[in-house]
Amino acid sequence: MRPTLLIRWLLLVAGLAGAGTLHAAQTVLVWGDSLSAGYGVDSQRGWVRLLEQKLGTQADAGLRGWKVVNGSVSGETTAGGLARLPAALSRHQPDVVLIELGGNDGLRGLNLKSMRSNFEAMVALVRRAGAKPVIFEMRIPANYGPVITERFQKTFAEVADSTKTPMVPFFLAPVATDRQKWFQDDGIHPNNAAQPLMLDAVWPHLLPVLKLAAASRAAAAP
């Protein structure tokens with residue numbers, strides 16, 4: 001190959017590689033517990049999987065082709081999520097992180113001040129990594145008593161307000177009123193049929209964050 005042709009070929013390859021880096025898919029990291037891990041749900045029917053499918057069909061080019069990484073673990077607490085988060089941020093380098101935790105803290109009666117501190121630390125870690133955090137509000141059954149349930153629920157709004165973080169209101173609300181229809185036999189975990197409704201509850205609050213992240217990526221491009 002003549003030198004001039006070789007140089008042109010190398011420049012072309014470099015240009016294609018640069019384009020691939022520039023247009024690399026942005027990443028949503030879902031950081032949750034069994035509700036997001038899809039406990040007892042078909043692998044292709046969980047709300048996180050449905051989110052990935054929905055993003056792939058968006059008409060807006062800035063939303064199409066996002067990569068969704070599900071780092072959720074059944075039984076996870078905010079303390080466990082905080083301990084695992086730095087490695088996940090380094091590995092996946094997400095643009096948006098959905099923090100769906102706290103339910104197990106409440107069910108186990110763990111300290112609410114510690115839960116709040118864990119949330120604040122996770123939000124700080126996500127922002128330090130250059131990503132945008134989103135908090136999911138959780139609730140616990142009424143049989144824990146009105147004082148505990150109210151304090152638990154308020155913690156999420158307080159963290160969202162103090163850290164100026166978007167919050168998804170309780171995303172089980174559309175299905176929580178009919179456990180026989182929407183839940184598995186344990187009465188705790190939503191079934192396959194409930195998953196699209198859960199995504200529908202998340203989407204209106206997630207969409208503005210995704211658009212903002214996409215705009216930030218475009219503005220930073222050379």
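On a 1 Å grid over the protein atoms alone, a pocket is an open set of points with protein on both sides within 12 Å along at least five of seven lines, whereas a cavity is a set of points where a 1.4 Å probe fits but cannot get out; lining residues have an atom within 4 Å of a point. The model is predicted, so that local features need pLDDT of at least 70 and side-chain atom pairs count only at pLDDT 80 or more, while totals for chains, interfaces and linings use all residues. Residues are numbered from 1 along each chain as its sequence is written, and side-chain values use heavy atoms, with hydrogens and water left out.

The largest pocket is lined by 18 residues, and Leu-107, Arg-139, Pro-141, Leu-172 and Ile-188 lie nearest its centre. Two or more lining residues come from each of helix 2 (34-37) and helix 5 (103-107), helices being DSSP runs of H or I with at least four residues, numbered from the N terminus. Helix 5 gives the most, with three residues. The space in this pocket is about 360 Å³, a volume being the space filled by probe spheres set on the points, which are joined across faces, edges and corners. The lining has ten nonpolar, five polar and three charged residues; Ala, Val, Leu, Ile, Met, Phe, Trp, Tyr, Cys and Pro count as nonpolar, Asp, Glu, Lys and Arg as charged, and the others, Gly among them, as polar.

One cavity of 30 Å³ or more is counted. The largest cavity has a volume of about 40 Å³, and its lining includes Ser-34, Tyr-39, His-189 and Met-198. Helix 2 and helix 9 (195-220) each give two or more residues to this lining, which divides into five nonpolar, five polar and no charged residues.
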